[in-house]
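Here is a short briefing to keep beside the structure while you look around. Have the viewer open and pick out each residue as you go.

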Amino acid sequence: MPDSLPVISVGFFGCGVVGSGALLALQQNAAAIERQLGARLEVRRICVRDPQRARPVELAPGVLTTDPAAILDDPSIQVVVELMGGVQPAGDYLLRALRGGKHVVTANKELIAKEGPALFAVAAERGLDFFCEGSVAGGIPILRALQVSLAGNRFSELIGIVNGTTNYILTQMAQTGKSFDQALGEAQALGFAEADPTDDVDGFDAVYKLAILASMAFGTRVPLDRVARQGIRNITDRDIAYARQMGYVIKLLAIARRQDDGLELRVHPALLRVSHPLASVNDVYNAVFAHGHAVGEVMFFGRGAGSLPTGSSVLGDLMEVARGIRCGGSGRVNSAGLADLPILPIEDAQSHYYVRTETADQPGVLAAVAGVFGKHEVSLESMLQKRADEQIAEIVWITHRTREGRLQAALREIEALPVVQRVSNCIRVEE
Ligand code: HSE
């Protein structure tokens with residue numbers, strides 16, 4: 001390629017796992033990328049907390065800085081790539097970048113889930129690009145698919161396995177019989193799970209990703225506090241074994257479903273039939289399954305985290321910004337803006353349920369518990385009884401589809417029966 005190629009200059013915030021991955025992906029394929037763009041991407045400055053830290057990527061001398069102004073106040077930098085994470089100061093930096101006329105690429109799910117609409121609006125006002133493919137499901141190009149290739153669809157549902165850490169833990173529990181704590185410890189030792197695993201195992205990370213997916217698929221704002229959230233800490237090896245005996249696996253699912261009166265949005269563990277396309281998505285892999293009125297069922301699968309896979313999404317966004325700059329097509333946005341579809345309360349959601357009870361092992365117990373389900377109009381689909389020890393029977397019930405509120409009322413009454421020790425778990429079943 002001639003040396004006179006136009007240069008698109010870029011500033012990075014953050015050069016950790018994802019930042020290094022994006023830079024490495026760019027370096028490894030630079031010639032082909034230049035040919036595609038007819039331009040050279042030049043990473044002029046990288047703002048980091050610790051310039052001395054060893055990084056798995058070669059950087060030009062003097063490129064690292066600890067001063068955000070070295071990027072934000074440099075008028076020659078046309079694109080800001082933000083990979084530092086967290087809402088602040090990242091949000092301020094991106095606002096300043098947009099106000100300074102710079103395009104933005106970010107993989108910051110928390111920021112987009114919390115403040116995305118405001119930032120997108122500033123970008124749109126100024127005719128700038130703002131892309132965030134790396135924020136959901138790592139290397140899977142799901143956001144651009146929803147916004148471009150599938151944009152004409154009316155979606156009825158979206159179901160995702162969007163958190164690699166929890167998928168790894170649940171897979172290990174299922175395949176090796178490890179307890180939750182053992183599988184979590186192993187995930188931490190392998191670097192999949194953070195020392196404080198709260199964001200992943202309690203479902204916050206998946207809620208951010210679901211909010212972004214739903215906002216793009218349904219064209220609506222998603223207040224995070226309206227998304228029902230339950231993590232995987234209560235899933236035991238017993239639940240996994242019982243589920244398997246009944247033909248299911250347990251996965252942490254992120255679900256968005258359009259109903260006549262609004263959207264169901266929830267993140268929780270769920271039993272899935274082993275024949276469901278998401279049931280065989282194991283370890284740190286992610287997948288998103290969607291149904292659109294025209295495309296029908298469609299599923300995306302790939303690496304949901306990691307340096308090069310997420311770097312691949314960031315690099316793709318950066319190249320799309322570069323094409324916009326080269327061809328004069330920056331800042332193309334949906335003109336309709338975001339709606340405010342009602343988010344339905346979880347009590348009104350309908351599902352099948354898996355309920356595990358510990359009861360006295362004596363005549364009449366089954367009838368007593370089944371009677372309470374019947375009284376609350378919860379119909380039973382199947383049942384499995386095991387002896388937990390000399391006196392205690394463990395009974396697993398799978399219900400037909402019922403309203404969450406109705407099931408909870410039945411469980412409160414069942415727990416109060418003298419023959420019932422406890423309701424030891426209740427997990428939704430996605431059919
Ligand atoms: N912590 C996330 C996961 C990766 O386990 O999937 C980054 O989004």
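Which backbone has a polar atom 2.7 Å from an oxygen atom of the ligand? That polar backbone atom belongs to Gly-164. Please keep in mind that this is a predicted model.

**Around the ligand**

- The shell around the ligand is made up of Lys-109, Val-162, Asn-163, Gly-164, Thr-165, Asp-200, Asp-205, Lys-209 and Ala-305.
- By type, these shell residues divide into four charged, three polar and two nonpolar.
- Helices α7 (164-176) and α10 (204-218) each contribute at least two residues to the shell.
- On its own the ligand has 260 Å² of accessible area, and the protein covers 77% of that.

**The nonpolar cores**

- In soluble globular proteins, nonpolar side chains tend to be buried together.
- Here, the largest nonpolar core has 82 residues, and those touching the most other members are Ile-142, Ile-169, Leu-213, Leu-265 and Leu-271.
- Helix α10 gives this core its largest share, with 11 residues.
- What does Leu-271 touch, apart from residues up to four places away in sequence? Its partners are Ala-243, Tyr-248, Val-249, Ile-250, Tyr-354, Ile-398, Ile-427, Arg-428, Val-429 and Glu-430.

- Leu-37 sits in helix α2 (residues 30-37).
- Leu-37 counts as buried because its relative accessible area is 6%, and the cut-off for buried is under 20%.
- Setting aside residues up to four places away in sequence, Leu-37 touches Met-319, Ala-322, Arg-323 and Arg-326.
- From Leu-37 to Ala-123 the C-alpha to C-alpha distance is 23 Å, and the two are 86 residues apart in sequence.
- Beyond its neighbours within four places in sequence, Thr-220 is in contact with Ala-214, Ser-215, Leu-263, Leu-338, Ala-339, Asp-340 and Leu-341.

**Backbone features to check**

- Most residues other than glycine have a negative phi, and most peptide bonds are trans.
- Gln-88 and Pro-89 are joined by a cis peptide bond, with omega at about 10°.
- Pro-89 belongs to the loop between β4 (79-82) and α4 (90-99).
- Asp-283 is not a glycine, yet its phi is positive, at about 55°.
- You will find Asp-283 in the loop between β10 (262-273) and β11 (285-292), where it counts as partly exposed because its relative accessibility is 27%.
- Glu-377 also is a residue other than glycine with a positive phi, near 60°.
- The loop between α13 (365-375) and β14 (380-387) holds Glu-377, which counts as exposed because its relative accessible area is 58%.

Note on methods: Residues are numbered from 1 along each chain as its sequence is written. This is a predicted model: local features need pLDDT of at least 70, side-chain atom pairs count only at pLDDT 80 or more; totals for chains, interfaces and linings use all residues. Side-chain values use heavy atoms; hydrogens and water are left out. Helices (H or I, at least four residues) and strands (E, at least two) are DSSP runs, numbered from the N terminus. Buried means under 20% relative accessible area, exposed over 50%, partly exposed in between (1.4 Å probe, protein chains only). A residue is near a molecule or strand if one of its heavy atoms lies within 4 Å of it. A polar contact is a pair of N or O atoms within 3.5 Å; within protein, one must be able to donate a hydrogen and the other to accept it, and residues adjacent in sequence count only if both atoms are side-chain atoms. Accessible areas come from the Shrake-Rupley method with a 1.4 Å probe; for residues, only the protein chains shown count as cover. Ala, Val, Leu, Ile, Met, Phe, Trp, Tyr, Cys and Pro count as nonpolar, Asp, Glu, Lys and Arg as charged, and the others, Gly among them, as polar. A nonpolar core is a set of buried Ala, Val, Leu, Ile, Met, Phe, Trp, Tyr and Cys residues joined through side-chain atoms within 4.5 Å. Contact means heavy atoms within 4.5 Å.
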